[in-house]
Amino acid sequence: MSSQAPVTVLGLGAMGRALALAFLAAGQPTTVWNRTAAKAQDLTAHGAVAAGSVAEAVTANQIVVVCLLDYGTVRETLEPVAAELRGRTVVNLTNGTPAQADEMAAWITGLGAEYLDGGIMAIPATVATPEAFVLYSGPESVFQEHRAALEAPAAAKYLGEDFGLASLYDLALLSGHMQMLDGFLHGAAMATSREGGTATGYAELLVSWLKSMIAVIPAIAADIDADRKSGTPPQIAQGLDVQLAGVGNILTASREAGVDTAPLDPYMAGVEGLAAAGQDLWSGPARVRQLKGE
C-alpha cells in the first residue's frame, strides 16, 4: 500500500495526536476521532477530517490506527462498530500485555478484519524523529502490505507472526528504561548527598560510563541465547564475590548518606540467591535463569 494511504486514528491523547500529526505531515489523508470531540478541532487546521462518531471514523478508511488508554477501552470503543470492521485492518498501538494482544487479535480477526499489534518506542515529542520506532507483530503479509503507510510516525520494526511479541518487547524495553532511570535517580540522590556533589556533574560522568558499558549488552545477549540453545558457557562473567562486595559497598554508602536502598535491594537479593545456590560466577544467563525461576 502507498505511503500516501489514508488512515483513521482513534484516540487523541498526547500520543494519538502526535501520530495523527505525523500522518498529516507525511501527506496522508487522516480521519480522527476522540471521545472528547474538542481534541480534534486543532487537527482540522492541519487538514484532518474530524469524525462525528466511531462508526464514521472506522468506515472512512481501510487502515484504523487505535491509540487509547488500555485494551479494555479499545474493546469498549470498537464493540459498537464490530460489523464495520470487516475487511479493514486494525493497527492497535495501545499499551498492553501479550495476553491482551492475543485476545484482541482473536476477537478482531474473528470479525473478518486484519489485525496488527504494536508498541510505540517514543514519547509524543519524539514521534516522527529518527530515534523513534514502532514495534509490530502479526501476519507478515499484513504488515508488508501496510508498512509504507505506517512509517510516517516512526520506523516500523517487525518482530514476527506471534501477535503478543510487540507487547512483550514493548514492556521489556520499558522495563529496561524504567530501571535505568530509577538507577540514575538513585545515583543522583547519592551524588548530591554531600555539599560538593551535583546531579549535573554526576550525569555527565554517568553518560560517558554508560556509553562504554552499553557496548557489552549485545555480548551478554549473545551469551543468553547461546545458553538457551546449547548450554554454552558465557563469555562475559564476573566472580560473585566481586559482585557481593561491590553492591554491598553501594548499599552501605547509600545508607550512610540517608538514601533509600530500595532500587538496589532486589539486585542484591539476586546476587545473594546465586551465591546461596552454589554458583561462583555472575553472568547474564545465570541471572536470566534465576529471574525465570529455572
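Two strands pair if DSSP finds at least two bridges between them.

**Entry 1: ground rules.** I am looking at a predicted model, where local features need pLDDT of at least 70, side-chain atom pairs count only at pLDDT 80 or more, and totals for chains, interfaces and linings use all residues. Residues are numbered from 1 along each chain as its sequence is written, and side-chain values use heavy atoms, with hydrogens and water left out. Helices (H or I, at least four residues) and strands (E, at least two) are DSSP runs, numbered from the N terminus.

**Entry 2: domains.** I found the chain divided into domain 1 (7-167) and domain 2 (193-292); such bounds come from an automatic or database domain assignment. Taken over C-alpha atoms, the centres of domain 1 and domain 2 are 38 Å apart.

**Entry 3: the sheet.** I traced an open sheet of 8 strands with mixed pairing, in the order S3-S2-S1-S4-S5-S6-S7-S8. Its edge strands are S3 (49-50) and S8 (155-160), each pairing on one side only. I then followed S2 (residues 30-33), which runs parallel to S3 and is joined to S3 by 2 bridges. Which residue of S3 is the bridge partner of Thr31? I found Val49 there.

**Entry 4: H4 and H5.** Axes are lines fitted to C-alpha atoms, for helices over the stretch in contact, and angles run from 0 to 180 degrees between N-to-C directions. The axes of H4 (residues 71-78) and H5 (residues 98-110) come within 11 Å and cross at roughly 15°. H4 and H5 are therefore roughly parallel to each other (angles under 35 degrees count as roughly parallel, over 145 as roughly antiparallel, 65 to 115 as roughly perpendicular and the rest as oblique). Contact means heavy atoms within 4.5 Å. On H4 the contact is made by Tyr71, Val74, Arg75 and Leu78, and on H5 by residues including Met104 and Trp107. I also saw H5 lying across S5 (89-92) and S6 (114-121), at about 145° to S6.

**Entry 5: H10 and H11.** Helix H10 (residues 240-256) packs against H11 (residues 265-276) at an angle of about 150°, with axes 10 Å apart. That makes H10 roughly antiparallel to H11. Among the residues that meet here, I noted Leu244 and Val247 in H10, and Met268 and Val271 in H11.
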